Amino acid sequence: ARLAGQLDFKLSEPPELEVVGRLTATPGGRGSSAPLAARFAARYRPRAQRVDLSRLDLEWGPALRVDLTGNAEELDTAPRLAFKVAGTVDGSRLTGHATYSGASGGLTAKLDLQPFAAGLLLERFGYARPAFEVNARSAGLRLEGRVEGKDGVRVEGALGLEGVEAPPWVMGTPLRANLRIAGTLSRLGGRISLGGLDRGELALASSTADIGLVTALTQPRPARDAGAWPLHMEARIPDLSRLPPIEGLPFALSGEARVRGSFDWTDSSPRFAGHLTAHVTRGEVNVGGPLVISDLRASLPLAFGRGEEASAGSVAAESLSAFGFVLRRPGSPARMRGSVLSLPEITYAHYGGSGRGYARLDLSGAAVPLSMRLEGEGVNLATLTTEYGLTVGRITGKVSYLLVLQHSRAGGLVVGGHVVSDPPGGEVNIEALNKLLSYAEADPTGILKRTLESLSVFSYESLTGDIRVGPQGGRVSLFLEGKKRLGLFPGRVQGINFRNIPLSLLVKTFGQPRRDSP
């Protein structure tokens, strides 16, 4: 919209020309971009066919403040350029240098940026920000290339990133990344574009081990087609045990995973569409106690970017155990949206019964990374006590339950549950009830305990229970209503209440699971 400047010239002997000046350019259009201001000083020596740039200070609002020095000379009728740069870009410290030889067309460059934010740089080059940001403590770019034609540069280079943090999956420890490329850069639509990629490799590593490798290349195309093409990508993690823990949700995995897909970065809104396959031989998440999954297989479509929506996949496993209890053959349709994995229709077998529910896992470092709801029915208490390895004695009957679990970064594990028996009830070994009565003091007179001691089993018509687990531990409340004799007369013990029994005492009283139990 407006260009203003002032130049001072000085001509001296032998013929040399000094130029000192300043320029201010105000962008046009409806945007509110800050003006670009430049101050410079240069000396031209025609006999040496050389220009020395002793100063070029660029300032573009608070986002860009750069100081450059350099020179240009003509060698054997071909130009040679060299410059050094230092300054700040969007608050990041920038240093580097570059050279270009017109005789060979060779180009070398080295740039260092601390810290690094990929989204901001893409905006500076005219591209839209990706669906998630990639940040790093520092970035070092090394390029070697050759100019081919008017608008093309053949390049090989490497970008090293230290202290990488890349939502949507927030790791507990920053990663290290090394990107190597070999391809062609071109100018398309007034901005620098990747015209072709012969080889692209992104290696990821933690502080202790190499994690995996991402490869990318452009599909071969007819010479008449111009412009940039989407990238075909493949990422493989051969050993999942090398993954660092996700922030707020410590885990340990063994197995392998692979992602294949296409990344379209040529549009105004970059998009990725692909597929994840994984085989987790064993996985463990610590949520106040170990939650262990065995032989899990996942097949998940993936989609990132504006307007993208991944279709549903599937997740299935051999078993899922928590606090000694085991769900057999759990499985569910699965959908990945950004950092969130949803399992909307979980089904499983459970101690002679069955269950259903849903779960939600957020890998972005959310306040509540894990939530789950499970409903079971037809659970056989005799089968449960046998498989769990309880030493309490015989318990019969079937129950249904509702269990809600949530793990938060602030409060840890919180569990709420309700259990109710199915008709016609069942029987409980008296030894266990006596042990609990000694804690609960349900009958200070001792009459109830002496009555129970005269029985071998307690027959109950209904059983209801509630469980609450929080940061301060767990509590269980249980109510058993005795069966009527001959279907009409009250039983010798009409009912027993246990209120707020510590879960730790309940586990101790009923015995630990056998070592060979799942």
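## Model and confidence

The chain has a mean pLDDT of 83, and 81% of its residues reach 70 or more. pLDDT is the predictor's confidence in each residue, on a scale from 0 to 100. This is a predicted model: local features need pLDDT of at least 70, side-chain atom pairs count only at pLDDT 80 or more, and totals for chains, interfaces and linings use all residues. Residues are numbered from 1 along each chain as its sequence is written, and side-chain values use heavy atoms, with hydrogens and water left out.

Over residues 514-518, pLDDT stays under 50. The model has 10 contacts beyond four places in sequence for that stretch; a contact means heavy atoms within 4.5 Å. Where pLDDT is low, the predicted coordinates should not be read in detail.

## Overall make-up

The chain holds 5 helices and 31 strands. These are DSSP runs numbered from the N terminus: helices are H or I with at least four residues, strands are E with at least two. Of the 518 residues, 37% are buried. Buried means under 20% relative accessible area, exposed means over 50%, and partly exposed lies in between (1.4 Å probe, protein chains only).

The chain exposes about 28500 Å², and carbon and sulfur atoms supply 56% of that area. Accessible areas come from the Shrake-Rupley method with a 1.4 Å probe; for residues, only the protein chains shown count as cover. Among contacts between residues at least 6 apart in sequence, 44% join residues at least 24 apart.

Strand S6 (residues 78-89) runs antiparallel to strand S7 (residues 92-101), joined by 10 bridges. Two strands pair if DSSP finds at least two bridges between them. Val 89 has Ser 92 in S7 as its bridge partner. S6 and S7 form a hairpin with 2 residues between them, and Asp 90 in the turn has a positive phi of about 50°.

S7 then pairs with strand S8 (residues 106-114), antiparallel over 8 bridges. Here the bridge partner of Tyr 100 is Leu 107. This hairpin has 4 residues between its strands, and Gly 105 in the turn has a positive phi of about 75°.

Val 85 sits in S6. Is Val 85 buried or exposed? Val 85 is buried, because its relative accessible area is 10%. Its contacts, leaving out residues up to four places away in sequence, are Val 66, Asp 67, Leu 68, Leu 94, Thr 95, Gly 96 and Leu 111. The C-alpha atoms of Val 85 and Asp 67 are separated by 5.8 Å, with the two residues 18 apart along the chain.

Strand S15 (residues 210-218) pairs with strand S16 (residues 231-237), antiparallel over 6 bridges. Leu 217 has His 232 in S16 as its bridge partner. On S17, His 232 stands opposite Ser 262. S16 and S17 run antiparallel and are joined by 7 bridges.

S17 (residues 251-264) pairs with S18 (residues 271-286) in the antiparallel sense over 14 bridges. Leu 253 has Gly 283 in S18 as its bridge partner. S18 also pairs with S19 (residues 290-304), antiparallel over 14 bridges.

## Nonpolar core

The largest nonpolar core has 76 residues. Such a core is a set of buried Ala, Val, Leu, Ile, Met, Phe, Trp, Tyr and Cys residues joined through side-chain atoms within 4.5 Å. Phe 116, Leu 161, Leu 296, Leu 343, Phe 458, Tyr 460 and Leu 480 have the most contacts inside this core. S19 gives the most to it, with 7 residues.

Leu 480 is in contact with residues including Val 428, Phe 458, Tyr 460, Ile 496 and Phe 498, leaving aside neighbours within four places in sequence.

## Two further sites

Thr 184 lies in strand S13 (residues 175-188). Thr 184 counts as buried because its relative accessibility is 19%. Its side chain makes a polar contact with the side chain of Arg 154 at 2.9 Å. A polar contact is a pair of N or O atoms within 3.5 Å; within protein, one must be able to donate a hydrogen and the other to accept it, and residues adjacent in sequence count only if both atoms are side-chain atoms.

Ile 467 is in strand S29 (residues 457-470). At 23% relative accessibility, Ile 467 counts as partly exposed. Ile 467 and Leu 403 are 64 residues apart in sequence and 8.8 Å apart in space, C-alpha to C-alpha.
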